[in-house]
Number of protein chains: 2
Amino acid sequence: LIVKAAATLSSSLSVDAAIAWVDAAIHCLGVEDTALDGAQGRVLAEDIRANRAIPDKDCAALDGFAIEANTSLGASAYNPVEVPLRPVDAGDALPAGSDAVVPLDLAQPDERGHVELVEAAAPGDNVEQQGAVAASGAMLVLAGTQLAARHIGLLALAGLREVPVIRRPLVRIALMRPLRPGAWEDSNGPMVRAAIERDGGVVKELVTVERGRRAITNALIEMSVDIVLVIGGTGPGSDDQSADALAENGELAIHGVALRPGETTGLGRNSNSVPVVLLPGAPAACLWSYELFAGPAMRRLGGRDPALPYRSREMATARKIVSAIGMTEICPVRFGVGDTVEPAPSFAETGLMAAVNSDGFVIVPEGSEGYPQGAWVTVHLY
Amino acid sequence: LIVKAAATLSSSLSVDAAIAWVDAAIHCLGVEDTALDGAQGRVLAEDIRANRAIPDKDCAALDGFAIEANTSLGASAYNPVEVPLRPVDAGDALPAGSDAVVPLDLAQPDERGHVELVEAAAPGDNVEQQGAVAASGAMLVLAGTQLAARHIGLLALAGLREVPVIRRPLVRIALMRPLRPGAWEDSNGPMVRAAIERDGGVVKELVTVERGRRAITNALIEMSVDIVLVIGGTGPGSDDQSADALAENGELAIHGVALRPGETTGLGRNSNSVPVVLLPGAPAACLWSYELFAGPAMRRLGGRDPALPYRSREMATARKIVSAIGMTEICPVRFGVGDTVEPAPSFAETGLMAAVNSDGFVIVPEGSEGYPQGAWVTVHLY
């Protein structure tokens, strides 16, 4: 029996220092072209400007009749003015010699190719001017924008069919084989896959790894993905060899972070310089290690905002929130009376249930023992 | 030349009445089982309770040594107590006869199968009690929950591999053929697809339809999808036959809504009772007709919250917002100084650009002419 010294983990790094490592070590991936039809959620890699005016001609803004406005001067119900019949549909270019559009209900066409106007029109009435949406060369969508329907519509309107976007990060998940069937490690694969998909990553491989040094090493040596997440085997126990395997086959930059839950997190690179995050096997620790380190890494790779993908709001505490000094602690909270929050059962007490049976969480920094009743805290909302 | 009376659209229905039609007519789809691994974003169809305690036995909460706590009474650095060596890893069931776990760094194993304790432990120390996450029968995740990583982790921990979810709505998009090549109708397909995907729908078919009654009718008669979106041909013009085709082949419940942009929206059902939304062909009108009517329909079908999928916040207006009385108007706004918003160029002025070149929008109801400077308004944020 080999029992490793627990000393490996007794000198935990601060969460801020570990996040700083991620920020410095993980860079945005390269660019690929993708079809605009299907680009929802992708991150635009370059500024896109209009290569022609939109619209490229003066157009009818609604269905009606194109007229030369000055021919309508003086028109009224008592003095209808007859002009040539030139029907246009919304979006049609104005015919030559016309500069306004009269709506269908303000004109009566006759059988002889004319239309009677009962109201005067001004030049430009119901016309979408050339370049009204964008002049030629105008900025359409900025690099870094996560494309939503409105951006995609505008880019399609500009004539684009493909757009340059940041590549989606390809991920290998290496899941330590559970020590016994049905053990909690089993739940981590689907959970981490869901978080990766939320963050725009693609799980290229999910492999279950035997708990031996050689098997872990094989799982680490990986060139065809952008990041490796090892789940489990991060602790000080005899069957925990993820950190040692990484140290021997690359760089174990950080092992042990002052985060609760998530203390046995590791960060580094394999021998091919692919970033590696070691996530604890205990489910709640795995979740928070992902959220604080792997998630920002994933979002950085994909060109997204690395910040936590939860809305946050300042709220008052209805009861005090207690946290251990020296550890950054994720404290689940529930909504209280009015605009307040109160502590919900902790991750130490109820494990992963604490993330489901709560309305959000407060991150209490390591220098704090928590917050008194009535304090204002930043609540991250689920 | 057939010129239809514009009267069809002059009696527009209020936006509220049109939304009420959607609320009453569109129902949540049925249930299907899906693999938990990949269920991110799906809507849970039934309450899920624990069918056994989680964990199902008392377990070690960390790597260490299992002990019977009362054997450690009086242990200290000056008076180490020797107990049998029973190493456990985090997540292991406690061996029979043990009721606490001592961390690795508080005990020294020797070569003779014993471990020396230098601190007394209490029963339950570092033990995750049977049922600590959930008692047998306890509620895990409520029906209607849109599954995120934390829910998926908890359900996996409970032993589930599949979950019952609401079916994703299957959508047919029938896009009127543009009146001229490169016309703005072309941009609507990718835009609407993006919005459908955001709302959890699946575009089963996108067909381009000739602008004749027969072609539109063929596009409407559809049994294998859950909703049909017809884009274009909704106006009063001679080439606009979407509404008439629906009226003849099903039910045109609503045509013409007091919404700007989006006035020529239509709502109804085809002859197979499949809901149909007629979206205007002008891009900005298409977008807002989708957002206010097709989007809520899509989200209702899929069991999601039908409300607009944008955060909203009360903010003060830095300049007055002007809107036409009698029309619900979507007014783009930009952030001003401090916590204020000011009007951005309108959809009438700059088309779809107004949705990209702004920070959000205010929905001014039809009874209002807008808001004076300094008024508090609900801003929907992109």
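Tutor: Start with the surface. Chain A has an accessible surface of about 15,300 Å². Carbon and sulfur atoms hold 51% of that surface. Keep in mind that this is a predicted model.

Student: What share of the residues of chain A counts as buried?

Tutor: A residue is called buried when its relative accessible area is under 20%. In chain A, 53% of the 382 residues count as buried.

Student: How many helices and strands are there in chain A?

Tutor: Chain A has nine helices and 26 strands. Its radius of gyration is 31 Å, while the globule rule gives 21 Å for 382 residues, so chain A is more spread out than a compact globule. The C-alpha trace spans about 105 × 50 × 35 Å along its principal axes.

Student: What do the contacts say about chain A?

Tutor: Take contacts between residues at least 6 apart in sequence. In chain A, 74% of these join residues at least 24 apart.

Student: How far apart are the mean positions of the positive and negative charges of chain A?

Tutor: Chain A has 30 positive and 47 negative charges. Their mean positions are 10 Å apart.

Student: Now a single helix. Is helix H3 of chain B enclosed or open?

Tutor: Count its buried residues. H3 of chain B covers residues 149-157, and nine of the nine are buried, so the helix is largely enclosed by the rest of the structure. Among them are Arg150(B), His151(B) and Leu154(B).

Student: What covers the buried residues of H3(B)?

Tutor: Elements from both chains take part. From chain A, the cover includes helix H4 (188-198), helix H7 (283-301) and helix H9 (353-356). From chain B, it includes strand S2 (48-49), strand S11 (139-141) and strand S12 (162-166). Then look just after H3(B): Gly159(B) takes a positive phi of about 95°.

Student: Which residue has a positive phi although it is not a glycine?

Tutor: Asn126(A) is one of them, with phi of about 60°. Asn126(A) lies in the loop between strand S9 (114-117) and strand S10 (127-128) of chain A. It is partly exposed, at 29% relative accessibility. In chain B, look at Asn126(B): its phi is positive too, at about 55°. Asn126(B) sits in the loop between strand S9 (114-117) and strand S10 (127-128) of chain B, and its relative accessible area is 29%.

Student: Where is there a cis peptide bond?

Tutor: Check omega. From Ile54(B) to Pro55(B) the bond is cis, with omega near -10°. Pro55(B) is in the loop between S2 and strand S3 (59-60) of chain B. Another cis bond joins Arg260(B) and Pro261(B), where omega is about -5°. Pro261(B) belongs to the loop between strand S17 (259-260) and strand S18 (266-270) of chain B.

Student: How many disulfides are there over all chains?

Tutor: A disulfide needs two cysteine sulfur atoms within 2.5 Å. The count over all chains is zero. Cys331(B) shows the case: the nearest cysteine sulfur, that of Cys286(B), is 20 Å away. Cys331(B) is buried, at 6% relative accessibility. Cys28(B) is partly exposed, at 43%.

Student: One last residue. Is Ser346(B) buried or exposed?

Tutor: Ser346(B) is buried, with a relative accessible area of 19%. The cut-off is under 20%. Ser346(B) lies in the loop between strand S23 (340-343) and helix H8 (347-350) of chain B. Leaving aside neighbours within four places in sequence, Ser346(B) contacts Pro332(B), Gly351(B) and Ala354(B).

Definitions and conventions: Residues are numbered from 1 along each chain as its sequence is written. Chains are lettered from A and ligands numbered from 1 in the order in which they are written. This is a predicted model: local features need pLDDT of at least 70, side-chain atom pairs count only at pLDDT 80 or more; totals for chains, interfaces and linings use all residues. Side-chain values use heavy atoms; hydrogens and water are left out. Buried means under 20% relative accessible area, exposed over 50%, partly exposed in between (1.4 Å probe, protein chains only). Helices (H or I, at least four residues) and strands (E, at least two) are DSSP runs, numbered from the N terminus. The radius of gyration is taken over C-alpha atoms; the globule rule is 2.2 Å times the number of residues to the power 0.38. Contact means heavy atoms within 4.5 Å. Accessible areas come from the Shrake-Rupley method with a 1.4 Å probe; for residues, only the protein chains shown count as cover. Lys and Arg count as positive and Asp and Glu as negative; His and the chain ends are not counted. The place of a charge is taken as NZ of Lys, CZ of Arg, CG of Asp or CD of Glu.
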